Amino acid sequence: MAGDTADIVIIGGGIIGMSTAYELARRDAGRIVVVEKATGVASGSTGASSAIVRLRYTHTDTMRMARHGQEVYRDWAAYTGLARPRASMRQTGVLWMLGEPISTIEHERDRIRGVGGRARVLSGADLAERFPAISTCATPIDLVDGNDHVCGDTDAFLFEDDGGYCTDPVGATQDLVEACRRDGVEVRFRAPVAAVRTAAGRVRGVTLADGTTIDTPVVVNAAGPWCNRVNEMVGLDHQWALVPTRIQLMLRATIEVLPGGVPMIADAAGGIYLRPESGGRQLLVGSIRTEDETEPVVDPDSYDTGLDEDRRAALLHGLHHRLPGLVHRGRITGLAGMYTINRDDVHPVLGRTHIDGFHVANGYSGHGFKLAPAVGNLLAQVITGGVEDGDVTVAPEFLSIDRAPLEVREKGVLA
Ligand SMILES: Cc1cc2nc3c(=O)[nH]c(=O)nc-3n(C[C@H](O)[C@H](O)[C@H](O)COP(=O)(O)OP(=O)(O)OC[C@H]3O[C@@H](n4cnc5c(N)ncnc54)[C@H](O)[C@@H]3O)c2cc1C
């Protein structure tokens, strides 16, 4: 079987692998090959992503990375250099309804402003005026015993003006394939990596399932929920528990016009997040409850990709509580995708390993879409050894494989 050579091989054509390839290509990092086992892009986590891009996180460095992502997605056509990219950013704003005291809300507002984002405190009256369809109740719904719920008003909410979502995460990944190919990157589909070859403690190349070899000194593991399998190929034994985890979403057609529209909402009372989808013709609803992020996926190639009945009922209940004007009609569908959850601190593990030339980019825990541009940028800094104007200003050590676990507000999607 004919062999090939590359300066860098990236395993995985999801948003992380393609962002990394593009950032490397922008730096003329040599011959870059992306190998993806599926027939097209985004067949893993990226294809199911809600693609919400918001700034609030426990760690300021995570916020800086999210801010970098927000700027990249906002200027997507300029970033990719594509005249008509498939994806774009919808800046709906992000409304945090976590029932927090005003002091916390003001503190978080200032932290968001500190990384360059716009944020403000909305009073209950502001909210009612700006988004009249949204209930201001912050009293938790009892989903366990089904006790009657009495709504109680809340006075203050945090609003991130610049937040929103990418309209098409699969399209964004495809845009990067197009931009990469234009810039000389080879992107191969139907190219599963069966082995990563090493010798004397350093990477030598990869072997595909059909026996094709690519000799290379640098490999990036961007294999999403399959990352542990790729790490096993090089015998990488690290401290992190990276667990592919089934995550469910509900889509509900909107047949009514909601006055004032709906931003992205994080809603502690109902345990949900929601945002518009399909240009406002649907609402996308997911869970923010950590207990809904516990179902491991044993085989990422074969798991239940549907929405469970009980989860559907819980999400729907939360949705109607938050948007009481919704009529009880409208087609409901659902799906399940995979987070790869870093059970230790719900942050990714990124960069060099003790195997020379072997880099990891894994464990995004529900944050990987927004972080992808910054992740690609940081990996490009690490691999090429150079920092350029406009690079994300976070030390690569922040997420390195040998860091101590980070302290987070909660080990869940709102970390
Ligand atoms: C339901 C859901 C909602 C989400 N919502 C958000 C959100 O709102 N905001 C946010 O920021 N993030 C969100 N995320 C998380 C985000 O989508 C992921 O973190 C991100 O897509 C991970 O991208 P990835 O490229 O690492 O993985 P993937 O997209 O899974 O890509 C990995 C690729 O590697 C390929 N691969 C694996 N093994 C091999 C091999 N041996 N050889 C070749 N190819 C291989 C796979 O086929 C796959 O295409 C969500 C995720 C889900 C599931």
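Q: Which side chains meet in a salt bridge with glutamate 108?
A: A salt bridge is a side-chain nitrogen of Lys or Arg within 4 Å of a carboxyl oxygen of Asp or Glu. Here glutamate 108 pairs with arginine 56, at 3.6 Å from N to O. The model is predicted: local features need pLDDT of at least 70, side-chain atom pairs count only at pLDDT 80 or more, and totals for chains, interfaces and linings use all residues. Residues are numbered from 1 along each chain as its sequence is written, and side-chain values use heavy atoms, with hydrogens and water left out.

Q: What are the domain bounds?
A: Bounds come from an automatic or database domain assignment. Domain 1 covers 3–87 + 168–241 + 344–399, and domain 2 covers 94–161 + 243–342. Their centres, taken over C-alpha atoms, are 29 Å apart.

Q: How many salt bridges are there between domain 1 and domain 2?
A: The count is 5.

Q: How many residues are in contact?
A: Contact means heavy atoms within 4.5 Å. On that rule, 32 residues of domain 1 touch 31 residues of domain 2.

Q: How much area do domain 1 and domain 2 bury between them?
A: Buried area is the accessible area (1.4 Å probe) that two parts lose on being put together, summed over both. The two domains bury about 2,500 Å², with 54% of it on carbon and sulfur atoms. In domain 1, Ser50, Arg56 and Pro225 lose the most area to domain 2, together 27% of what that side buries.
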